[in-house]
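Have the sequence and the 3D view handy.

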Amino acid sequence: MNPPIPFSPSPDRLGKKIGILIVAYNAVTTIAQVLKRIPADVWENVEEVVVFDDASRDHTYELAQGLKMLSGLEKLTVIRNQTNLGYGGNQKLGYRYFLDKGFDVVVLLHGDGQYAPEILSHLYAPIVAEAADAVFGSRMMKSYGGPLKGGMPLYKFVGNRILSFFENRTLGMHLTEFHSGYRAYSLAALSKIDFSRMTDVFHFDTQIIIKLHHQGYRIVEVPIPTYYGTEICYVDGLKYAKDVFVSVIRYKRTTASIARYPEYSEYFEHYPMKRSRHSSYQYFLSWIGKGQQVLDVGCGQGFFAKEVIDAGNSVVGIDALESPKYGHMFDAYAQANLERGLTDAQSVLAQRRFGRILLQDVLEHVPDPSRLLADSRRYLAPDGLVLISVPNVANITVRLSLLFGRFRYTERGILDKTHLRFFTRRTAREMLGQAGYAIVAERTTVIPIELVLGLRPQHALMRMANSLLALGTRLLPTLLGYQLLFAVRPSLSLQPTRSDVARNADASMAIR
């Protein structure tokens, strides 16, 4: 017998279109009771209750259809999947069903009777009241006596607590439980979640929490009773725990731009902000200074441009993206194919002249870097500087790979699979000289090991390693240097003159 309900939020829908999604697999012994236990006022207020039978091997579908006809439940819909989609796959199908029909709220209920239908309104009430985007039922809250009194086996309780602790610490969250399947979602929030490459098995529930949290949606927990009966459990506990652990780690590695896992690929930043010392961003911010008109060629989403603006500069951005994340902060923005140089941006650039032009991680992506370098001269102010970074293909990591017969492209880094050109320090210098530029200042960055290890640059270990790498890079720049950085300006002639040397020396002093 279920414990008494300590409070009862109004089941009123407040004009919202509410759906109940019941996922079922081999639930012939429990599905009738689940449907019967849904309160009458909930039936009255919800628009539709849909049972998605995931190709059960028993008669779950036939029984649910019979209940619909015998009980006259007009709001009940029963759908049978032709093939078994898995726990996560069945949810995906259900959410698409409600999204396609224009619902506002969906509540996930299991067909095995583990969760109390009597408190359905507790789940959807905060979303209806617009106080939450997702509501999770928690068995770890004490309102119903806690999980052990409800019959949760001790080993499951301990495992649940350990996993939830790990997930909270790793994700920066504070949920009492991550592993309840009793949930309600705003469909406006779900419409912004990419389900396409998420898992079809049981840790789908973990992945959806991660995505909701990452995208800033409001998550609220409500207490629910714990119930363990004689129903068959199809979850392999050890495999589930491993899948949850791996899924969290894959998310962290993706957001750190260490690897690009498909289920979280939308969160991968191709060029994440490098905040460690001796990084290209640190040097470029120093070279830009303050009060400059800056042209950021290949600005991407505008992460670095935002830092430049916050430092007291104005920025015009150019990139292939239609609408960069921080584009609203730019003085102007031009969408352009950089393989055509700056031709596509002419209408935006017009007669503008810039004190700093950034070609940061750009030249290696275009088939003809000389075209971008030539076009940049047209928009450079007198005594302005073009700031350039290219990867150092002679870095020790590439040399060692070649030594062992490997040359593998990666998602990012020196062997980024989108790179069309590769540079050593000598070939980069030659390219700049042939384009009519004189080098004012030159730096090499250290290998960004914080991105490899997934640790913060402020971590004591990272600070120590960074300092050692900086010393080694200063001694062996072509071997240990990760990126080659140049501050250049047009030469007065193809052969540097004394006036060139003096002018560049003055500029070099100014940006140190």
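## Val49 and its contacts

Skip the neighbours within four places in sequence, and Val49 is in contact (heavy atoms within 4.5 Å) with Ile20, Ile22, Leu35, Ile38, Trp43, Lys75, Leu76 and Thr77. Keep in mind that this is a predicted model, where local features need pLDDT of at least 70 and side-chain atom pairs pLDDT 80 or more, while totals for chains, interfaces and linings use all residues. Residues are numbered from 1 along each chain as its sequence is written, and side-chain values use heavy atoms, leaving out hydrogens and water.

## The cores

A nonpolar core is a set of buried (under 20% relative accessible area, 1.4 Å probe, protein chains only) Ala, Val, Leu, Ile, Met, Phe, Trp, Tyr and Cys residues joined through side-chain atoms within 4.5 Å. The largest one here has 37 residues, and Ile22, Leu35, Val49 and Tyr182 touch the most other members.

## Out at the surface

Is Leu14 buried or exposed? Leu14 counts as exposed because its relative accessible area is 53%, and the cut-off for exposed is over 50%. The C-alpha atoms of Leu14 and Asn45 are separated by 9.1 Å, though the two are 31 residues apart along the chain.

Val158 is found in helix H6, residues 154–171. With 38% relative accessibility, Val158 is partly exposed, the class between those two cut-offs.

Notes
Helices (H or I, at least four residues) and strands (E, at least two) are DSSP runs, numbered from the N terminus.
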